[in-house]
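Thanks for coming. I have one structure to go through today, and I will start with a question about it.

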Amino acid sequence: MTHIDEPRLESDLGYRFQYVAGFMRFGPDDIAAVHGAAAHLAPLVPGLVDAVYLKLYQQDATWRHFLPRQSGYEGGVPLTLEQLTPDHPQIAFRKQHLGRYLVNLVTKPYDGKMLEYLDMVGKIHTPQAGSRDINVPLVQMNALMGFVADALTATILGLGLPRDTEIKTLRAFGKLLWIQNDLIARHYSPPSR
């Protein structure tokens, strides 16, 4: 039996990643499968981003979180939800962030810098980072991650990859998105005792 330092899981990002990744057996072969999908997925990123934002636009509970000024956005901010259209410059700004995130998933090494980036993805959706006005409820983040997971699965299944590559890629992305979800959820609940 392996001893796990549970308090350290809450304070040491690298240790937490090693634990969760090891538990799920997310390793070098999975990272290679994720990186191997880059050439296939890169041309599809704009469509994936548009699909995500169309879904977010369909619910006021998700769309309202784009009304406050986004950190780094310098343009005009709409005053009402009705003024925040899918083609608003602030949404275009946010779409660029999601596109970069998807590209980073399939191109960056999974080192300490990448772990900090994945952790920040969770943190920026809370008042702990970025704008104090942005506080996306965990239920909305879970719904979003589920939608992204399904969209990636559908996209991978549509690539026409050899069956063994397709299976490896799907499993690798499944594990990676669970890791990402853990790094989101940790910013919503107090450390366990």
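Which residues does Asp30 touch, not counting residues up to four places away in sequence? Please look for that residue while I say one thing about the source: what you see is a predicted model.

Now the answer. Asp30 touches Arg25, Ala172 and Lys175, once residues up to four places away in sequence are set aside. Asp30 itself belongs to helix 3. Its relative accessible area is 9%, and the cut-off for buried is under 20%, so Asp30 counts as buried.

You will find Arg25 in the loop between helix 2 and helix 3. Its relative accessibility is 65%, so Arg25 counts as exposed. There is also something to say about its backbone. Most residues other than glycine have a negative phi. Arg25 is not a glycine, yet its phi is positive, about 60°.

Phe26 sits in the loop between helix 2 and helix 3 as well. Is Phe26 buried or exposed? With a relative accessible area of 7%, Phe26 is buried. Its contacts, leaving aside neighbours within four places in sequence, are Phe17, Ala21, Ile31, Ala172, Lys175, Leu176 and Ile179. For a sense of distance, take Tyr73: it is 47 residues from Phe26 along the chain, and the two C-alpha atoms are separated by 35 Å.

Next, helix 2 and helix 10. Their axes are 10 Å apart, and the helices pack at an angle of about 145°. The crossing of helix 2 past helix 10 is right-handed. Who meets whom? On the helix 2 side there are Leu13, Arg16, Phe17, Val20, Ala21 and Met24, and on the helix 10 side Lys175, Trp178, Ile179, Asp182 and Leu183. By type, that contact has eight nonpolar residues, no polar ones and three charged ones.

Two residues of helix 2 can be set side by side. Arg16 has 9% relative accessibility and so counts as buried. Beyond its neighbours within four places in sequence, Arg16 is in contact with Leu9, Glu10, Asp182, Leu183 and Arg186. The other is Gln18, also placed in helix 2. Gln18 has a relative accessible area of 58%; exposed means over 50%, so Gln18 is exposed. How far apart are the C-alpha atoms of Gln18 and Asp182? They are separated by 12 Å, while along the chain the two residues are 164 residues apart.

Staying with helix 10, Leu170 is found there. At 22% relative accessibility, Leu170 counts as partly exposed. Leaving out neighbours within four places in sequence, the residues in contact with Leu170 are Thr153, Ile156 and Leu157.

The crossing is right-handed. From helix 5, the contact uses Val45, Leu48, Val49, Asp50, Val52 and Tyr53, and from helix 7 it uses Ile91, Arg94, Lys95, Leu98, Gly99, Leu102 and Val103. Those residues divide into nine nonpolar, one polar and three charged.

Pick out Tyr53 from that list. What is Tyr53 in contact with, leaving aside its neighbours within four places in sequence? The residues are Trp63, Phe66, Ile91, Arg94, Lys95 and Leu98.

In soluble globular proteins, nonpolar side chains tend to be buried together. In this model, the largest nonpolar core has 47 residues, and those that touch the most other members are Tyr53, Tyr101, Leu102, Leu105 and Phe173. At least two residues of this core come from each of helix 2, helix 3, helix 4, helix 5, helix 7, helix 8, helix 9 and helix 10.

To finish, go back to where we began. Asp30 is buried, and one of the residues it touches is Arg25, which is exposed. That is what I have.

Technical notes. Residues numbered from 1 in each chain as written. Predicted model: local features only at pLDDT ≥ 70, side-chain atom pairs only at ≥ 80, totals over all residues. Heavy atoms only, no water. Core = buried A, V, L, I, M, F, W, Y, C linked by side-chain atoms within 4.5 Å. Buried < 20%, exposed > 50% of the residue type's maximum accessible area, 1.4 Å probe, protein only. Helix = DSSP H or I, 4+ residues; strand = E, 2+ residues; numbered from the N terminus. Contact = heavy atoms within 4.5 Å. Left-handed = near helix turned anticlockwise from the far one by under 90°. Nonpolar A, V, L, I, M, F, W, Y, C, P; charged D, E, K, R; others polar. Axes fitted to C-alpha atoms, helices over the stretch in contact; angles between N-to-C directions.
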